[in-house]
Amino acid sequence: MLAGSIVGSWDVIEFLREESRLLKERLGGRRLRFTDAERRRLARRAYALGRKPLSELDTLVTPDTLMRWYRTLVAQKWAYPHAVDPAAPERCR
C-alpha cells in the first residue's frame, strides 16, 4: 500500500516538473508578475524545501529570489512600525 503511493507520488512530481517546463517555454522569457499573496505562498514552500533542492528544480523564479521573498516575509512579520510602548516617556519638544 505504501510503496504504491510512493511510486504514484513520483509520477505526480514528474508531471508537475514537465508542466512547469512547458509554462516556462510558453512565457518565452517574459517576466511573470506574482501578487503579494502568491509570493508569500511560494516563499513558505521554498523555505521548507531548502535552497539545494530548489536549485535542482526548474522553478519559475530563481531560488535566490524565493529566499529573498522569504526573508522579506520574516522581516515583515517582526516589524512593528505602529507599535508604541505605553511605558516609554514622551519626548520633550
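Predicted model: local features only at pLDDT ≥ 70, side-chain atom pairs only at ≥ 80, totals over all residues.

Visitor: Why is Val12 called partly exposed?

Guide: Val12 sits in helix H1, residues 2–27. Its relative accessible area is 47%. Buried means under 20%, and exposed means over 50%. Val12 is in between, so it counts as partly exposed.

Visitor: And what makes Val74 partly exposed?

Guide: Val74 lies in helix H4. Its relative accessibility is 33%.

Visitor: How far is Val74 from Arg44 in sequence and in space?

Guide: The two are 30 residues apart in sequence. In space, their C-alpha atoms are 9.9 Å apart.

Visitor: How do you know that the span of H4 agrees with its number of residues?

Guide: H4 has 15 residues, 63–77. At 1.5 Å a residue, H4 should span 21 Å. The end C-alpha atoms are 21 Å apart, so the two values agree.

Visitor: Which residues of H4 are buried, and what covers them?

Guide: The buried ones are Pro63, Thr65, Leu66, Met67, Trp69 and Leu73. Their cover includes helix H2 (36–49) and helix H3 (51–56).

Visitor: Which residues make up the largest nonpolar core?

Guide: There are eight: Phe34, Ala43, Ala46, Leu54, Val61, Leu66, Met67 and Trp69. H4 gives the most, with three residues.

Visitor: What does Ala46 contact, beyond its neighbours within four places in sequence?

Guide: Ala46 is in contact with Leu54, Leu66 and Met67.

Terms used: Residues numbered from 1 in each chain as written. Heavy atoms only, no water. Helix = DSSP H or I, 4+ residues; strand = E, 2+ residues; numbered from the N terminus. Expected span 1.5 Å × (residues − 1). Buried < 20%, exposed > 50% of the residue type's maximum accessible area, 1.4 Å probe, protein only. Contact = heavy atoms within 4.5 Å. Core = buried A, V, L, I, M, F, W, Y, C linked by side-chain atoms within 4.5 Å.
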